[in-house]
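Here is a short briefing on one protein model and the molecules it holds. Keep the structure open as you read, and find each residue as it is named.

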Amino acid sequence: MNKIALITGATAGIGKATAKILANNGFDVIITGRRKDRLRELANELQKETNAKTQILSFDVRIQKQVVDAIDSLPKKWQQIDLLVNNAGLALGFSTIDAGETDHWDTMIDTNVKGLLYVSRKIMPKMVARKSGQIINIASIAGKEVYSNGNVYCATKHAVDAITKAMRIDMLKHGIKVTSICPGMVETEFSVVRYDGNEEKAASVYDGLIPLYANDIAEAVLFTATRPPHVNVNDMLIMPTAQASAAHTLRK
Ligand code: NDP
Ligand code: 8X3
């Protein structure tokens, strides 16, 4: 029987690429996100192109009741999740902290930190009971370094880094693997969301350099998820060749 993976934020970018690569490599996948139409499209694609079985769950990670109800609605055998990929997340805005929009702060903290906690809190007890499971948190270079105008987004990703380390310690005795995968710039819908739909501004983030693509990170997830039982990847920092740190890029 295939392992079961639940991926948050599978409607776009890294989460979508991760769902595809896992489905192509022996996992059955629970794809989640708020945009149900996109989840249906992806499920159809996976059904046509892979042998994986798929479940769709549409919920907002910020709302704990939705998280709990969605996972409770899965058929019993699908509730035995082997791999949780906590990927849903976003940045909103790019201003100095004195001028930041507090609505943006609330949304980033609620999604990137509290949402990840709600989903994990719901899924971990069944892993603990089975003494088996794996959690991969998609953190960021922004969780290792702070950059100008990144303030609260960076704080949420530093929190993901701390939560990942704490999970690994608390889950040690249960044999549950915990990993953070920390990408630099990845060209997805991330910048379009950050700049409130301004496609031109979003595209300019990647001007003159080759960024990472979603599949580059999906491959790292697959690598992490397919190590033998005695091997855990604790932390992986993956950057475009043209980006040496959060603030150092080479543009042509
Ligand atoms: P995208 O904007 O392409 O995808 C974000 C995904 O998160 C979407 O599927 C979206 O689904 C989901 N999501 C956002 N808010 C919620 C919510 N409240 N409830 C449920 N799902 C939600 O961005 P990326 O693929 O780039 O981002 C994925 C992760 O990678 C994020 O955690 C991001 O911080 C991280 N990251 C991204 C980098 C980059 O440069 N792109 C670099 C480092 C880390 P929907 O809107 O349908 O709910
Ligand atoms: C997203 C990448 O460039 O905002 O985590 O640090 S960046």
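**Rings, ligands and spaces**

A search of the whole structure, which is a predicted model, finds three aromatic pairs.

**Aromatic rings**

- One aromatic cluster is formed by Phe94, Tyr147 and Tyr195.
- Look out for Tyr147 again, because the topic of ligand 2 returns to its side chain: an N or O atom there is 2.5 Å from an oxygen atom of that ligand.
- Phe223 has a charged neighbour over its face, namely Arg227. The distance from the ring centre is 3.9 Å.

**Ligand 1**

- There are 29 residues around ligand 1. Those that come nearest are Thr11, Arg34, Asn87, Tyr153 and Thr188.
- The side chain of Arg34 places an N or O atom 2.7 Å from an oxygen atom of ligand 1.
- Tyr153 also takes part, with a polar side-chain atom 2.7 Å from an oxygen atom of ligand 1.
- Ile14 uses its backbone instead. A backbone N or O atom of Ile14 lies 2.8 Å from an oxygen atom of ligand 1.
- How much of ligand 1 does the protein cover? On its own, ligand 1 has 890 Å² of accessible area, and the protein covers 96% of it.

**Ligand 2**

- The residues around ligand 2 are Ser140, Ile141, Ala142, Tyr147, Tyr153, Phe190 and Arg194. Tyr153 is on this list, and Tyr153 is also one of the residues that come nearest to ligand 1.
- Ser140 has a polar side-chain atom 2.5 Å from an oxygen atom of ligand 2.
- For Arg194, a polar side-chain atom lies 3.3 Å from an oxygen atom of ligand 2.
- What area does ligand 2 expose when taken alone? The value is 240 Å², and the protein buries 85% of that.

**Cavities**

- How many cavities of 30 Å³ or more does a search of the whole structure find? There are two.
- The largest cavity holds about 70 Å³ of space.
- This largest cavity is lined by 13 residues, and the closest to its centre are Asn86, Asn87, Ala88, Thr111 and Leu116.
- Asn87 lines the largest cavity, and Asn87 is among the residues that come nearest to ligand 1.

**The second largest pocket**

- The second largest pocket has a volume of about 250 Å³.
- Its lining has 14 residues. Lys3, Ser132, Gly133, Gln134 and Lys177 are the closest to the centre of this pocket.
- Which classes make up the lining of the second largest pocket? Five residues are nonpolar, four are polar and five are charged.

Key
Residues numbered from 1 in each chain as written. Chains lettered and ligands numbered in written order. Predicted model: local features only at pLDDT ≥ 70, side-chain atom pairs only at ≥ 80, totals over all residues. Heavy atoms only, no water. 1 Å grid on protein atoms, 1.4 Å probe; cavity = no way out; pocket = protein on both sides within 12 Å on 5 of 7 lines; lining within 4 Å. Points joined across faces, edges and corners; volume = space filled by probe spheres on them. Nonpolar A, V, L, I, M, F, W, Y, C, P; charged D, E, K, R; others polar. Phe/Tyr/Trp six-rings, centres within 6.5 Å; stacked < 30°, edge-to-face > 60°. Lys NZ or Arg CZ within 6 Å of the ring centre and 35° of its normal. Near = heavy atom within 4 Å. Polar contact = N/O pair within 3.5 Å; in protein donor to acceptor, adjacent residues only side chain to side chain. Areas by Shrake-Rupley, 256 points an atom, 1.4 Å probe, with all protein chains shown as cover.
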